[in-house]
Structures are given as structure tokens and as C-alpha cells.
Amino acid sequence: MRTTASRGLIAALALTPLLTGCFAASEGGSDAEGGADARLRVALAVPPAQALSPYSNDATVLSKLSVAEGLTALGKDGTAAPALATSWKQVNDTTWTFELRKATFQDGTDVTAASVVSALDHADEAETKPRVLSDVTLTAKAQDADTVTLTTKTADPVLPLRLASPALAILSAKAYAKDGTASPVGTGTGPFEITRLTGKTKATLDRYDGYWGGKAKASGIDVSWIADGTARANALRGGDADIAEWIPTSQAKLIDDNTRHEVPSVRTDSLVLNTGSGLFTDATLRAAAREAVDGGALVDSVFSGYADPAEGLFGPAVSWAADDRVAVTGRAEAATTAQIKSKAKGKTLRLATYTNRAELPEAATVLQQQLEKAGFTVEQDVREYTQMEADLLAGKYDALVFSRVTLLDTGDAVAYLASDYMSDGVYNIARLKDSKVDQAVKSAAEEADTDRRREKIMRAEAEILRTDAVVPLVHEKVVQGIAADVDGVLLDPYERSLIDIDTRLK
């Protein structure tokens with residue numbers, strides 16, 4: 001399998017005592033008890049954009065609901081843990097071998113080295129490659145029935161962690177259609193099997209009793225996608241949902257204390273500026289926008305205190321970031337108000353955001369006022385995310401109020417920096433092309449020593465912030481709604497996990 005960077009689509013657990021579990025499935029599992037025959041009702045926020053394809057942002061749903069797995073999983077400590085692979089070893093700088101466990105797909109076929117290679121090949125051949133493959137060239141080969149050899153073109157010290165990405169889930173052969181699409185319906189390896197997907201509104205999942213990790217305690221999951229945050233909160237309050245993700249901060253205080261759970265998050269909300277076309281090709285205007293906006297003003301007014309003022313691309317939930325942060329130097333001088341009015345005369349700043357996270361439209365309105373005070377003429381475009389994703393990637397906006405889980409793709413910050421800010425990044429909404437940024441991210445990617453890698457990541461952060469292609473605003477604290485009679489929900493700062501074999505009604 002060969003992957004090359006191309007444009008296209010695309011981080012310690014904080015668990016309360018009654019909400020336990022881990023990211024990686026346990027080896028033994030346990031028989032269902034307590035609410036064994038009960039189904040869980042879950043309200044999710046972002047409707048599927050591509051029928052739950054692992055090659056899109058939908059991939060996280062497959063992970064959150066324990067439908068599909070990769071060779072590895074994200075462990076409690078943020079390192080790679082066994083999943084479909086029981087162990088691995090590094091043969092040399094560019095070669096790794098992975099030993100597979102005995103497992104079956106939900107269609108009854110066996111997980112073999114050949115099926116793993118096929119799944120990874122299909123990810124490579126997808127019209128839009130997963131973001132996690134944006135900075136790696138990879139070859140997969142079946143060494144024998146239970147051993148896969150992976151070779152990278154250059155050293156990839158975090159390859160096992162990369163393979164934990166939900167986007168690299170291993171599906172059975174029948175998942176892959178001739179047109180290049182991949183369907184997880186009945187083709188995963190997790191404890192819950194998708195049996196029905198109804199457009200962008202509902203999905204039915206049943207317990208898969210052949211799961212290698214043991215029998216799940218819930219008999220199934222009934223999923224509803226409810227884009228409106230207030231409606232999700234109402235579903236929890238009204239007893240129509242057992243779990244409701246991403247409760248809007250405006251609604252958090254309105255639900256019972258025993259159902260409201262605050263999760264430290266690696267999610268950062270930023271103003272992303274389009275450096276490839278329009279107003280913000282001018283670095284002085286980008287600098288002016290950066291000086292005009294005040295993310296700190298959003299913390300109490302928009303996020304009701306469920307956020308921290310931004311310190312950079314990485315916030316308090318990334319525990320090592322503050323110690324290694326590098327001062328930003330070399331920025332362009334900001335245009336004055338008079339210069340803004342002259343340079344932007346007759347031009348409208350197209351400011352976009354999406355409705356799936358309830359705080360973002362309100363944040364956009366505050367930022368519009370701040371930008372207009374600085375001299376810009378601003379027009380908003382606010383829609384549901386799936387309706388605007390293609391336009392975002394095509395550069396049809398000048399600025400985007402964007403909420404990003406910075407360690408989503410690999411649990412390693414380099415993949416996020418590469419996909420979002422390198423010249424050939426597959427999720428480079430900023431359309432940034434900067435040789436110093438490219439070199440800084442590449443240097444971090446090549447570093448195997450953990451401490452030095454983190455230092456280089458923070459140097460790369462400084463280079464990106466130098467360009468003013470992105471203006472960090474706040475670091476979010478996610479509020480999850482969980483009914484009092486539900487046990488075993490995963491509160492995950494990485495936002496990859498939610499339900500596993502131990503999640504159940506009491």
C-alpha cells in the first residue's frame with residue numbers, strides 16, 4: 001500500500017468513579033449483568049456526512065460506539081494499546097511487524113493478515129485519504145496468516161499510535177465497494193454491530209456476541225443524530241436519551257448535577273484564516289484580524305465558564321504543552337484601521353461557522369463585532385457542517401470559526417499539524433503554504449525521542465502562529481449528559497470513546 005499526501009477531506013483520561021472504563025478493550029470482558037437486556041439510547045451531535053465511512057469525520061462514531069477497531073487502540077496513558085494486534089515490534093527505523101489476535105468480523109469471516117492489508121490498501125486508494133495518512137508513505141504486506149509487516153518510506157516513530165486512528169478501522173471484505181466507498185454496516189469487529197442506518201438521522205446497533213473481548217453488557221444502542229444542542233439537552237431531560245453528547249454550555253446549568261459531566265478536552269476553538277485567496281492573502285490583514293479578536297471575551301459570555309482562554313494551539317488538557325511552549329516571533333505588522341479600510345475597500349470578509357456546536361454561531365457574532373470595530377466589513381455564513389465542508393476545503397470563505405480536537409487523529413500532535421497546516425495537508429482549510437512551517441512539522445515527525453519530539457512540536461506551533469493563519473480563541477471543556485441510571489460511560493478528552501462493553505443501564 002502506498003499513500004502520499006494530497007488535498008481532500010478529511011489528546012490522560014478524566015473519569016469519575018461511577019463512569020469507568022478504558023479506551024482499549026479489555027482482554028477478558030465480562031458477561032452481561034444488571035441492565036443486560038436494556039438498550040442504550042444515545043443522542044449524537046454531528047450527523048454522518050458519508051454514511052459512516054471511516055474515511056470521513058464519521059470515523060469517530062465507529063470508535064465512540066465500539067463498532068470497529070484498528071490494529072491498535074489509544075490506551076489510558078495516551079500510548080498505543082493492543083486491539084486487533086496483540087503485539088508489535090520495530091525491526092528497523094522503517095519496518096514494523098504486528099501479530100494479530102484471533103478475531104472475527106461481524107459478518108462471521110476471520111480477521112487475517114490478508115484482510116488487514118486489504119483494509120489498509122482500501123484506505124490508501126480512497127478518493128479522499130484519511131487525515132492520519134497525510135504525512136506518511138506506508139506499505140503493508142502479509143508475512144503469514146497472523147503477521148502483518150508495515151514499512152514506511154521514512155522513519156515514523158509513532159506508527160503504532162497512528163494505527164489507532166478511527167479512520168484506519170479494519171473492516172471485512174464485504175465493506176468495500178467497487179466505487180471505492182466503505183460501509184461499516186455489519187462489517188466491523190467491535191462489540192456492537194450496525195444493523196441499520198437511516199440516512200443522517202438514526203442508526204440501530206445490536207450486540208455482537210462473537211466479539212473477541214467478551215459480551216457487552218448492553219444488548220444494543222439506538223442512535224439519534226440531533227444537530228441542535230438544546231434539543232439534545234431536552235432529550236436527556238425528558239428521558240428520551242440515556243446519553244447526550246456535547247451539551248451546550250448555555251444548557252449545562254439547566255440539567256441535574258448528577259447528569260452533567262465536565263470533561264477536560266484537547267479541543268481548541270480557533271479563527272482559521274484563508275491564506276490562499278481573498279483578503280487574508282495579505283499578512284498584514286491577518287495580523288490585524290489576530291489583534292482585533294479577543295478569545296478571552298468568549299469564555300464567560302459564550303461558554304459560560306466551560307472554557308479557558310487560548311494559550312496556543314494546545315491547551316491545558318495537553319499536559320506537556322505549557323512547559324515546552326515557544327515564544328512567537330517574526331509576525332507581520334498589523335494593518336491599521338485606516339489601512340484595513342483601504343485594502344479591504346469594497347470587499348466583504350466572508351466569516352463561516354457551523355451549527356453542530358451550539359457555541360460557535362454565538363462566538364462568530366462576537367468575533368464579527370470585533371472585526372468590524374477594527375475596520376472590516378463582515379458577512380456570516382452559518383450552516384450545518386456537512387453542508388459546508390466541501391466549500392471550506394475549496395477555500396470559499398475568508399475565515400472560519402472552527403472547533404478542532406487537536407489530538408484526534410493519532411493521539412500525537414504531529415498528524416494534526418501536518419494535516420491542517422502543511423502545504424500538502426489534507427485538511428488545510430487555512431490553505432497555508434509556508435516552507436518554515438513545513439520544515440518544522442517534518443522535523444517533529446522524524447524525532448523518535450518523546451521529550452525532544454514534544455519540544456519540536458511546540459516549535460512548529462510557534463511557526464504556525466507566526467503566519468497568523470490561525471488565531472486560537474479558547475480551549476473547551478466538553479459537557480456530556482449522562483442519565484443517572486447509566487454506568488460505565490467513557491469520559492474521553494480525546495473524544496474518541498463513549499460506549500464500550502461495560503456501558504449499561506444499572
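## Salt bridges: criterion and basis

A salt bridge is counted here where a side-chain nitrogen of Lys or Arg lies within 4 Å of a carboxyl oxygen of Asp or Glu. The structure is a predicted model, in which local features need pLDDT of at least 70 and side-chain atom pairs count only at pLDDT 80 or more, while totals for chains, interfaces and linings use all residues. Residues are numbered from 1 along each chain as its sequence is written, and side-chain values use heavy atoms, with hydrogens and water left out.

## Overall form

The protein chain contains 14 helices and 19 strands, taken as DSSP runs numbered from the N terminus (helices: H or I, at least four residues; strands: E, at least two). Its radius of gyration, 22 Å, is close to the 23 Å given by the globule rule for 506 residues, so the chain is as compact as a globular protein of that length; the radius is taken over C-alpha atoms, and the rule is 2.2 Å times the number of residues to the power 0.38.

The C-alpha trace spans about 70 × 55 × 45 Å along its principal axes. Of the 506 residues, 59% count as buried (buried means under 20% relative accessible area, exposed over 50%, and partly exposed in between, with a 1.4 Å probe and protein chains only).

## Pairs across the sequence

By the criterion above, the count comes to 28 salt bridges. One of them joins the side chains of Asp-242 and Arg-41, at 2.9 Å from N to O. Asp-242 lies in the loop between α4 (229–237) and β11 (243–244), and Arg-41 in strand β1 (residues 39–44), so the pair ties together parts that are 201 residues apart in sequence. Asp-242 is buried at 4% relative accessible area, whereas Arg-41 is partly exposed at 32%.

Lys-217 and Asp-502 form another salt bridge, with their closest N and O atoms 3.5 Å apart. This pair links distant parts of the chain, 285 residues apart: Lys-217 is in the loop between β9 (202–207) and β10 (220–225), and Asp-502 in the loop between β18 (486–487) and β19 (504–505). Lys-217 is buried, with a relative accessible area of 12%, and Asp-502 is partly exposed, with 24%.

## A linked network

Asp-468 and Arg-290 also form a salt bridge, their closest N and O atoms being 2.9 Å apart. Asp-468 sits in the loop between α14 (450–466) and β17 (470–482) and Arg-290 in helix α6 (residues 283–292), 178 residues apart. Asp-468 is buried, with a relative accessible area of 1%, and Arg-290 is buried too, with 18%. Both belong to a network of salt bridges that links Arg-290, Glu-291, Arg-331 and Asp-468.
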